[in-house]
Amino acid sequence: MLWRRLLVPLTSLLLVLAVPTGAGATAAPTTAATSTGAAGYGAAGPYAAAVEVGVVTTLYYPRDIATSDRRHPVIVWGNGTFAFPVVYRELLLHWASQGFIVAAANTPQSNLGISMRAGIDLLAQRNTDPGSAFHGRVDLEHIGASGHSQGGAAAIVVGADSRIDTILPIQPGPLADIDDVRVPALLLAGQKDSIVFPFLVKGFYDDADHIPALYGELRGADHFTVVGDPGPFAAPTTAWFKAHLMEDQVSRAQFFGAECGICADSGTWSDIRRNGLATR
């Protein structure tokens with residue numbers, strides 16, 4: 001349909017215009033982000049973060065990973081159209097500060113998920129290379145997929161890969177089929193998003209009746225709230241990945257079970273939905 005073809009390039013142009021002045025890809029520790037009440041996961045984590053810019057993949061990771069006493073889970077990231085990882089630098093650094101290795105695809109056309117999968121392959125190679133700082137420090141048994149706009153659709157596409165344990169599409173574009181996904185999903189929308197309207201994200205949620213799925217609509221957020229300072233997106237995304245990739249039960253309680261922390265947070269969320277498989 002014509003509207004689908006126009007949506008992606010328009011979104012990307014606006015993403016490029018929205019890149020904060022002075023954003024770069026140099027190594028730096030993350031700063032604290034705004035907490036949304038999801039157990040304070042919007043605050044900076046215990047790790048100083050570093051960045052490595054490659055040809056296909058940009059890595060955001062705990063700076064002292066070579067001497068870490070643990071393996072670190074992986075998040076693969078897809079950008080919006082015509083955008084690059086630097087657009088989302090603060091969110092990706094935030095995840096790295098929480099102990100994740102983020103493999104962000106450098107492509108501005110991520111929908112097929114090819115470069116996101118290449119990030120997994122890169123880390124698998126680094127994990128087995130005795131000369132790499134990542135040697136023996138990558139937890140390839142726990143991998144999540146996320147992305148924004150076209151990259152959100154790519155996260156759904158990559159979610160069909162057997163190596164992926166969970167997906168977290170942020171305001172995903174329409175060119176994906178969630179029927180192919182077999183892992184838990186948190187689908188995020190912005191209440192005031194006029195590019196990827198909330199009803200489009202709800203459509204993915206409605207189709208995801210075969211997997212544990214949640215729909216979260218962030219109050220007041222537009223399509224570019226996640227760009228630069230990720231604001232209200234930092235805490236729930238971190239809590240979700242801690243629950244699924246670090247097996248953190250406190251984080252899990254934010255989304256699942258009778259208590260469901262985010263379900264009671266009407267200040268952050270304008271709409272929360274959980275299907276039957278996600279209420280247990």
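Here are a few friendly notes on three residues, Asp139, Ser149 and Gln171.

1. Before you start: this is a predicted model, with pLDDT of at least 70 needed for local features and 80 or more for side-chain atom pairs, while totals for chains, interfaces and linings use all residues. Numbering runs from 1 along each chain as its sequence is written, and side-chain values use heavy atoms, leaving out hydrogens and water.

2. Asp139 sits in strand S5, residues 138-148 (strands are DSSP runs of E, at least two residues, and helices are runs of H or I, at least four, numbered from the N terminus). Asp139 is buried but has no salt bridge, and Arg70, the nearest side chain of opposite charge, is 6.3 Å away. Buried means under 20% relative accessible area with a 1.4 Å probe, protein chains only; a salt bridge needs a side-chain nitrogen of Lys or Arg within 4 Å of a carboxyl oxygen of Asp or Glu; Lys and Arg count as positive, Asp and Glu as negative, and His and the chain ends are not counted.

3. What surrounds Asp139? Leaving aside residues up to four places away in sequence, Asp139 touches Arg71, His72, Pro73, Val74 and Leu245 (heavy atoms within 4.5 Å). A polar atom of the Asp139 side chain also lies 3.1 Å from the backbone nitrogen of Glu141.

4. Ser149 is in the loop between S5 and helix H4 (150-158). Phi of Ser149 is positive, near 60°, in a residue other than glycine, and Ser149 is buried at 3% relative accessible area.

5. Gln171 lies in the loop between strand S6 (166-170) and strand S7 (185-190). Gln171 is not a glycine, yet has a positive phi of about 45°; with 0% relative accessibility, Gln171 counts as buried.

Conventions:
Buried < 20%, exposed > 50% of the residue type's maximum accessible area, 1.4 Å probe, protein only. Polar contact = N/O pair within 3.5 Å; in protein donor to acceptor, adjacent residues only side chain to side chain.
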